[in-house]
Amino acid sequence: MRPKRLWLLTRIEYASYEEFDSKVVRASTSKEAREIANLNPGDEGKIWTDPKEVVCEILKTTGKSEVIIGSFNAG
């Protein structure tokens, strides 16, 4: 069994209201991460397995100190 990693899935196009624009998922592979992301979509629908719609990359534990993901609700 492969070790689990954290994957950052980010939409390529603009996200509107009631839609996810990114997700962080714990999974063994990018394929599994994409499938898990599709389990609970917003109004964007089940786009998370489509590489033309969503970029999927491993979140590494090394690198500069920075915010990895945040959530801000304006309105």
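The model is predicted, so local features need pLDDT of at least 70 and side-chain atom pairs count only at pLDDT 80 or more, while totals for chains, interfaces and linings use all residues. Residues are numbered from 1 along each chain as its sequence is written, and side-chain values use heavy atoms, with hydrogens and water left out.

**The core.** Select Trp7, Leu9, Val25, Ala27, Ala33, Ala37, Ile47, Trp48, Val54 and Cys56, the 10 residues of the largest nonpolar core. Such a core is a set of buried Ala, Val, Leu, Ile, Met, Phe, Trp, Tyr and Cys residues joined through side-chain atoms within 4.5 Å; buried means under 20% relative accessible area, exposed over 50%, and partly exposed in between, with a 1.4 Å probe and protein chains only. Two or more of the core residues come from each of S1, S2, helix H1 (30-37) and strand S3 (54-58). Helices (H or I, at least four residues) and strands (E, at least two) are DSSP runs, numbered from the N terminus.

Next, select Ala37. Not counting residues up to four places away in sequence, Ala37 touches Leu9, Lys23, Val25 and Trp48; contact means heavy atoms within 4.5 Å.

**Ser28.** Move to the loop between S2 and H1, where Ser28 is placed. Ser28 counts as buried because its relative accessible area is 12%. Leaving aside neighbours within four places in sequence, its contacts are Arg2, Pro3, Lys4 and Trp7. A polar atom of the Ser28 side chain lies 3.3 Å from the backbone oxygen of Arg2.

**Tyr14.** Finally, select Tyr14, in the loop between strand S1 (5-11) and strand S2 (22-27). Tyr14 counts as exposed because its relative accessibility is 69%.

Note on methods: A polar contact is a pair of N or O atoms within 3.5 Å; within protein, one must be able to donate a hydrogen and the other to accept it, and residues adjacent in sequence count only if both atoms are side-chain atoms.
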